[in-house]
Amino acid sequence: MQNFIYYLLFISLSIKSIAHPNTVQPAYLNYDWANEPTKYSFLEEQPTTILKNYKQIEYTYNAKGDLTCYETTHKIVYIDNDLALETFNKVYIPVTDTIDLVRIKARSISQDGKITNFNRNSLKSINNEEIGTYNIFAIEGAEKKGVIEYLYTTRTENIDLYGREWLQSDYPTQNTTIEIISPPNLLFEAKSYNGFPQPTITETDSMRILKAQFAEMLPLTEETYSTPRANYMRIDYKLSYNQIPNTTPKRLFDWQMASKHFGGLVSEKQDKATTALIANTLKTLKLKKLSQEDKIIAIEEYLKNTITIQQNSPSASVATILHNQYANEVGICRTFAAFFQTAQIPYQIVITSDRTKCRFDAHFEAWNSFTDILFYFPQTKKFIVPNIFVYRYGNAPEHFADNHGLFITPNTYESTIQLIPTANFKDNLSTIEAQVDFTDIHTPKVRFQQEWAGYRAVTMRAAYNFQKETLLNALATSSIEDTHPTDIVVSNDAMKNNAYPDKHFGITATFSIKSLIEKAGDNYLFKVGELIGAQTELYQNHERQNPIDMDYPITYRRSITFEIPKGYALKGVEDTRIDHSVEENGQKINRFESGYSLKANQVTIFANEYYEKTHLSKESYDNFRKVINAAADFNKIVLVFEKQP
Amino acid sequence: MKQVTKLFSTTIFLLTLLATSYHTYAQSVGNVEHLIKKYPDEDAIVLLNKEHVIINFENNQWYIDRHVEEKTQLLTTKAQMGYAQESIGYSGFETISDIKAQTLLPNPKGKYMGTPVTDIQENDVMIDGIFYGDYKEKTFVYPALQPGAITELSYHSTGSEPHLLINPFFISSYKGPTFESEFSVEVPSHINITYRLFGDNTDAIKFNKTNIPNGFKYTWTAKNLAPIAIEDAAPHRSYYAPHILVYINDVIVNNQTIEVLGSEKKLYNWYNDMCKNINQQESPELRAKVTELTQNLSNPTEKAARIYNWVQNNIKYIAFEDGLGGFVPREAGDIYQKKYGDCKDMSNIITNMLRMINIEAHLAWIGTRDRPYTYSEAPCPIADNHMICVAKIDNQYVFLDGTGEFQPFGLPTAMIQGKEALVGIDANHYEIIQVPTAPKENNLRKEQLNLQIQDKTLVGKGTCELTGYRKIYIEYDKLKSEAKGQKDYFNNFLRKGNNKCAVKIIDTQHFNQANNTASITYEVSIPNYITTTQDKIYLNPHLIKPFKDATIDLEKRTIAKESDFNYEDSYQFVIELDKAYSLAHLPENKQFKNEYFGFELTYNYQKNKITINFKVFSNYLLLKTTNFAAWNDFVQQLNNAYQEVIVLKNTP
């Protein structure tokens with residue numbers, strides 16, 4: 001919900017200068033690059049390095065007494081290879097109708113010291129609805145083993161009084177500095193995350209400076225089961241007080257203000273005509289005899305099937321949305337609210353963030369974290385997310401769950417910070433039951449029954465509804481494309497069933513899978529492990545950087561049964577015995593366990609796996625890896641049918 | 001996700017899905033049930049696909065007016081999602097006006113009533129590979145969509161550029177079957193045009209030429225057309241989707257002929273005219289660079305190679321496409337100073353640098369393999385989309401594509417193999433020269449691996465040699481994977497047997513443009529690969545299984561299969577046996593070969609060593625559908641071979 005934050009622009013505060021118009025020069029004018037570029041000495045094997053990352057956000061009153069914001073960015077980057085050159089030789093500066101570029105300087109310094117300065121005439125502007133409005137330019141004369149440097153300042157009077165700066169990346173960074181400058185009466189607060197130092201305060205007669213610096217920052221890269229973006233060092237800031245002499249300062253941009261703002265935005269009262277229109281629609285849904293829960297599900301089903309989300313469409317009234325049948329993210333939330341209001345279903349509005357990008361801080365009002373809207377139903381303790389079609393009434397989607405949120409009661413705008421719970425590992429289920437028939441030993445027939453529940457069912461139902469064939473083909477083993485499944489039975493495939501955890505989504509089909517069998521002279525090899533599908537293998541090729549973050553807790557249960565073909569003896573079944581786990585306080589929180597049982601000629605092999613806790617410290621990586629890789633081990637198991645004399 | 005799913009397309013689809021929302025089974029409206037029954041696999045029907053072009057020339061000014069009309073009936077909820085947002089793309093050469101768009105829905109009496117689109121936005125289009133361009137689009141959302149709804153759109157495009165504004169008209173659509181398609185062109189009698197039909201099944205198109213006051217009207221109509229197919233490894237749609245190409249030859253005014261297009265010569269004249277003013281002045285800095293690069297070399301090939309490699313390494317690809325600037329290279333000196341450019345700029349700087357040392361070099365226009373046309377079939381700008389430098393050294397043509405970051409000197413990029421280059425010799429002369437296609441023997445992956453069995457693990461040491469396009473593509477893949485932050489590309493590339501396989505790179509050599517052959521030395525360990533019982537060891541010798549899942553669905557696939565280049569892979573696995581084991585079973589040798597693809601698999605046992613030689617080749621750029629049955633036979637036989645394993649037994 002990227003556009004959501006822009007709704008905040010309408011917040012008006014009396015922050016105009018109460019003193020005389022400002023005569024102090026903006027601080028950014030005192031900041032410049034060195035005319036002679038700094039001479040750096042590099043290591044022989046110097047990787048691409050951000051040598052300087054300077055950011056200054058300056059709030060100041062202009063001559064008319066209006067608050068103005070200057071943002072200055074200064075970067076120096078050493079370029080080691082082509083990839084980095086192609087990354088850093090193009091610069092995108094976010095501008096809009098109300099943000100001007102007041103200064104821009106750029107130069108490249110080649111290995112042998114040749115300086116090529118940037119010509120401002122080469123600046124182009126683009127306006128794209130997906131990426132936004134930018135001034136763009138290419139750095140001239142940039143070379144490998146050289147340095148790229150640019151410095152620019154933007155100015156706006158259309159001001160956000162809060163913000164966030166991401167400071168880490170997948171390149172090593174030296175000399176990171178952030179400064180947030182304001183007039184003495186505007187008290188900004190800032191909080192650093194993921195190891196970036198907390199800012200210090202310097203106050204002078206004319207300004208107040210929050211400043212933090214970091215000398216050597218390591219790169220942070222993507223790893224399997226990690227959310228590096230949420231782990232990047234960053235700083236969040238916001239205006240907290242406007243000190244007006246002889247008054248008690250009131251806290252600004254606090255939880256209460258957020259509650260009022262978002263509560264009002266989503267649950268504003270509808271006019272009579274709109275309410276009547278909604279009441280009429282509700283009548284056609286025949287809600288009267290339904291339980292509270294089924295009412296919510298019916299409203300959700302109706303609205304999600306009727307109104308499409310068009311992210312970039314302009315804001316519209318609920319009546320217009322119902323007429324056009326499309327809405328942007330905020331519009332669809334308002335429509336849901338209006339329906340719940342009219343149907344007299346008690347609800348709360350939840351404002352939160354995507355935890356894979358940035359965790360919601362329950363102790364600091366970081367307005368940039370107010371990116372997503374959910375609905376919470378206190379009576380049933382369940383959630384709805386209005387703008388995502390595939391998720392239905394129940395647990396919050398996994399990227400919002402296990403994260404805090406601001407829960408707002410409509411009308412009163414009272415609010416609390418609460419943890420958005422995630423589903424129990426037993427509720428997210430993926431099961432396989434496979435019966436293998438070796439009547440024709442060269443082409444085994446597999447009756448394959450798969451079921452999913454919880455978050456996993458959400459994904460699989462969506463895949464089934466929109467890419468049926470791809471899904472069916474991919475369901476069993478990695479070698480199934482050549483065959484056409486028969487006798488397909490599907491259960492509970494409708495999206496609406498996502499709201500009913502007991503209704504498992506299931507597909508049963510019979511496949512002929514030649515590649516399960518290999519010929520070894522008179523004997524046959526049965527690649528039984530392939531029936532659970534290819535499994536992630538975690539490698540240990542460098543020290544783990546990120547803590548472990550899985551998408552959600554989950555349980556896997558698989559069972560494979562078959563009869564040993566007549567005239568053959570079964571060998572190697574003992575290899576199916578595997579057991580690995582991660583323990584915490586004596587509890588097995590993650591585990592893979594497999595084994596077998598034998599009754600006459602009938603063999604049953606099971607492979608069960610669960611991940612109860614999905615956020616683990618990086619120190620747990622070795623044990624975690626063993627559990628994950630145990631499934632990959634199982635996937636390699638091959639049984640032997642040996643010809644009996 | 002714990003399971004490594006193969007649902008790539010699903011995953012991608014889900015990503016878009018999660019960010020949007022759409023209907024699944026909202027009630028359908030209107031008399032649409034019979035259409036849904038008749039077309040159960042389709043999401044929409046294109047009721048009308050129409051374009052009318054009016055060409056005129058007055059007061060020394062061209063007028064090209066296109067009127068486009070589209071009418072589509074949606075059958076499924078997937079279509080509602082996919083086709084709700086519409087965009088009209090256009091370049092800086094035209095103006096879009098009179099956009100009329102609405103959703104038609106039947107009222108209770110069955111009469112279709114319109115809900116108009118009111119909010120139309122303008123947007124800059126970001127095109128992959130173009131940093132800044134003047135492509136824009138008008139976008140809007142159709143309101144009140146549901147299955148059975150009809151979307152209706154019409155608009156005008158007007159402009160005055162006679163070479164670029166008549167787009168090829170595709171009579172059918174990706175959206176679904178097309179009921180009615182019509183393309184017409186109105187010209188006054190003093191303007192001459194040419195038309196040509198391309199693609200499969202053009203017999204379905206009916207043509208009609210009628211007199212109109214002061215001129216002619218050409219009309220092409222077609223009905224009940226199948227949708228344009230979408231397949232993996234497919235050539236560009238212009239190879240198979242039926243389409244009409246119209247271009248202006250000339251206009252006669254006051255007995256004077258003003259030439260436009262219609263012959264290679266005229267096309268060249270237009271291109272040459274745009275480029276004639278560049279490079280009037282030599283850049284002294286560039287000349288100094290050329291001198292520095294070539295001073296110790298005497299052989300022109302070496303000099304040219306040094307210059308080409310310098311451009312590859314120092315001029316980064318950044319494309320600006322702004323109006324006719326999209327057709328004109330920048331000054332060589334300017335490119336040298338900026339250190340970036342697009343294909344035209346790179347061609348121009350190479351051409352200039354070569355000329356400075358008196359090597360014959362020319363700018364050349366060329367269509368990549370995305371364009372099926374020859375210049376004689378389509379003597380208009382649609383035939384090409386790329387520029388290279390063509391040098392003549394020792395009486396041989398050398399094709400120098402500056403955008404090929406990893407090309408060794410002399411090897412054209414794979415995307416222009418077999419295509420015609422329009423080489424600009426001078427103001428009055430050009431030549432058309434075909435770029436050669438590299439034979440499979442030039443593009444090799446050759447692996448030799450010595451292996452030993454250690455319990456259930458297979459360990460070994462090997463080398464992998466790569467040549468030609470095989471090498472270049474690996475270098476691109478490595479770059480792409482590094483761009484995603486993955487630093488172990490070669491380890492993944494060489495992984496074999498199973499995904500537990502650990503690869504240790506010992507050495508890599510010659511991964512640079514100066515060499516056509518590169519090699520990697522590595523160690524490999526494949527745990528859990530060997531199956532053992534009390535007295536036997538089972539070993540699958542097929543450590544990699546190319547084309548394992550490559551079966552083509554003969555019932556469905558109607559279009560040819562494309563390959564980037566011809567190649568041949570060969571693997572030799574030598575397994576040294578411990579004295580504790582002896583051979584119990586060795587599979588039979590197998591092979592399959594025809595002109596386009598094949599494999600050969602041999603097993604040999606000698607002095608406690610099992611040697612497996614496996615060769616597989618692909619020898620086509622475009623494989624016609626008539627070869628698909630043989631292809632499936634090939635894949636089947638390969639898979640049969642992959643099922644055969646080696647058995648060892650304990651030595652008593």
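Colleague: What is the area buried between chain B and chain A?

Modeller: The model is a predicted one, and the values are computed from it. The size of an interface is often given as the accessible area lost when the parts come together. The contact draws on 82 residues from chain B and 99 residues from chain A. Carbon and sulfur atoms give 51% of the buried area, and the area itself is about 7900 Å².

Colleague: How many salt bridges are found across the interface of chain B and chain A?

Modeller: The criterion is a side-chain nitrogen of Lys or Arg within 4 Å of a carboxyl oxygen of Asp or Glu. A:Asp575 and B:Lys456 meet in a salt bridge through their side chains, at 2.7 Å from N to O. Across the interface of the two chains, the number found by the rule is seven.

Colleague: What percentage of the residues of chain A is buried?

Modeller: The secondary structure of chain A consists of ten helices and 35 strands, and its C-alpha trace spans about 100 × 75 × 50 Å along the principal axes. The accessible surface of chain A is about 27500 Å², with 47% belonging to carbon and sulfur atoms. A residue counts as buried under 20% relative accessible area. Of the 645 residues in chain A, the buried share is 58%.

Colleague: And what percentage of the residues of chain B counts as buried?

Modeller: Chain B holds eleven helices and 38 strands, and its C-alpha trace extends over about 100 × 75 × 40 Å along the principal axes. Its accessible surface comes to about 28700 Å², of which carbon and sulfur atoms hold 46%. Of the 652 residues of chain B, the share that counts as buried is 52%.

Colleague: How far apart are the mean positions of the positive and negative charges of chain B?

Modeller: The count for chain B takes in 66 positive and 76 negative charges. For chain B, the separation of the mean positions is 6 Å.

Colleague: Is A:Ala279 buried, partly exposed or exposed?

Modeller: A:Ala279 belongs to helix α4 of chain A, which covers residues 272-284. Partly exposed residues fall between the 20% limit for buried and the 50% limit for exposed. The relative accessibility of A:Ala279 is 32%, so this residue counts as partly exposed.

Colleague: What distance separates the C-alpha atoms of A:Ala279 and A:Thr342?

Modeller: Among contacts in chain A between residues at least 6 apart in sequence, 72% join residues at least 24 apart. A:Ala279 and A:Thr342 are 63 residues apart along the chain. The separation of their C-alpha atoms is 6.5 Å.

Colleague: Where in chain B is B:Asn60 placed?

Modeller: Phi of B:Asn60 is near 60°, a positive value in a residue other than glycine. B:Asn60 has a relative accessible area of 64% and is therefore exposed. Its place is the loop between β1 (44-58) and β2 (61-74).

Colleague: Is B:Lys607 buried or exposed?

Modeller: B:Lys607 sits in the loop between β35 (597-606) and β36 (609-618) of chain B. This residue, other than glycine, has a positive phi near 45°. Exposed means over 50% relative accessible area. With a value of 80%, B:Lys607 is exposed.

Conventions. Residues are numbered from 1 along each chain as its sequence is written. Chains are lettered from A and ligands numbered from 1 in the order in which they are written. This is a predicted model: local features need pLDDT of at least 70, side-chain atom pairs count only at pLDDT 80 or more; totals for chains, interfaces and linings use all residues. Side-chain values use heavy atoms; hydrogens and water are left out. Helices (H or I, at least four residues) and strands (E, at least two) are DSSP runs, numbered from the N terminus. Buried means under 20% relative accessible area, exposed over 50%, partly exposed in between (1.4 Å probe, protein chains only). Accessible areas come from the Shrake-Rupley method with a 1.4 Å probe; for residues, only the protein chains shown count as cover. Lys and Arg count as positive and Asp and Glu as negative; His and the chain ends are not counted. The place of a charge is taken as NZ of Lys, CZ of Arg, CG of Asp or CD of Glu. Contact means heavy atoms within 4.5 Å. Buried area is the accessible area (1.4 Å probe) that two parts lose on being put together, summed over both.
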